[in-house]
Amino acid sequence: MEAKATMEHITIVLKGPKYAGNIGSVARCAKNMGIEKILVVNGRELPQAEMKQTSTHFAAEVIDQILYFDDLQKALDGFEFIVGTTARLGSIRGPVVSPREMAKSLIDLSRNNRVALLFGPEDTGLSNDDLRLCHGLVTIPASERLKSINLSHAVMILCYEIFTAQRGDLETFTPRLATAAEIEGMHEQIKALLQKIGFLNPQNPEYWMMHIRRFFSRTRLFPREIKIIRGICRQLDWYLGNK
């Protein structure tokens, strides 16, 4: 059986876009590839008329349906899998894959899970704090002579790879994963417990939490597993309080 990504479960999330025209171009690119959901964080003031000028009438309804948020974490809370995009590599950002590798992994995953493709501002991209909310990172290879890629071009590349990704027999089945909100709740509970036992450096607790987040991001967590981990944390916290 030929399997394809479930495009209606995939959403483009734009954090802090600078130009209305770029949002319009993103809408057109996304619709070209069968994706029609866009969330914009910190972009309410950008004029819709300018967005629609670059989206053209073909994708005008995508602009009309954009959901706006003031907080990135709130925007991502309902997604089970978040793909962050980055051009800057390094150990602090963790392992990254190519758009093609990412697309292959989303074929099965998108059938039962809501997926966010997260893009940062045109001038700075996503920060380390933004990327810690992601469950996977992707980078677009580019020439050393010009590595900067236009926002809508980056969106088109990722959407194209997802659109064209396909394989033969469907060998795996991925049920619903834990949402970003469930995972963040787990991380906060782990952080509180580790602070209580003195494991985290109080001057920089997020440094070690980054490594813990990266550890959990290497596996796909299901809601029941989140409940088990949080239950362990509660039991340990109770034990410490009654020791």
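Here are a few worked exercises on the predicted model shown above.

Some ground rules: residues are numbered from 1 along each chain as its sequence is written, and side-chain values use heavy atoms, with hydrogens and water left out. Because the model is predicted, local features need pLDDT of at least 70 and side-chain atom pairs count only at pLDDT 80 or more, while totals for chains, interfaces and linings use all residues.

**Exercise 1.** Find which residues Glu161 is in contact with beyond its sequence neighbours, and say whether Glu161 is buried or exposed.

*Solution.* 
- Locate Glu161 first: it sits in helix 7 (residues 151-164).
- Check its accessibility: at a relative accessible area of 11%, Glu161 is buried (buried is under 20%, exposed over 50%, partly exposed in between, with a 1.4 Å probe and protein chains only).
- Now skip neighbours within four places in sequence; the contacts left are Pro99, Arg100 and Ala103 (contact means heavy atoms within 4.5 Å).
- Then look at helix 5 (residues 99-109), where the buried residues include Pro99 and Ala103.
- Helix 7 is among the elements covering the buried residues of helix 5, as are strand 4 (81-85), strand 5 (115-119) and strand 6 (136-138).

**Exercise 2.** Classify the aromatic pair of Tyr207 and Trp208.

*Solution.* 
- A pair of aromatic rings is described by the distance of the centres and the angle of the planes.
- The criteria: rings of Phe, Tyr and Trp (its six-membered ring) pair if their centres lie within 6.5 Å; planes under 30 degrees apart are stacked, over 60 edge-to-face, the rest tilted.
- The whole structure has 3 aromatic pairs. Tyr207 and Trp208 come out at 5.5 Å centre to centre with 80° between the planes, hence edge-to-face.
- On accessibility, Tyr207 is partly exposed at 42%, and Trp208 is partly exposed at 42% too.

Note on methods. Helices (H or I, at least four residues) and strands (E, at least two) are DSSP runs, numbered from the N terminus.
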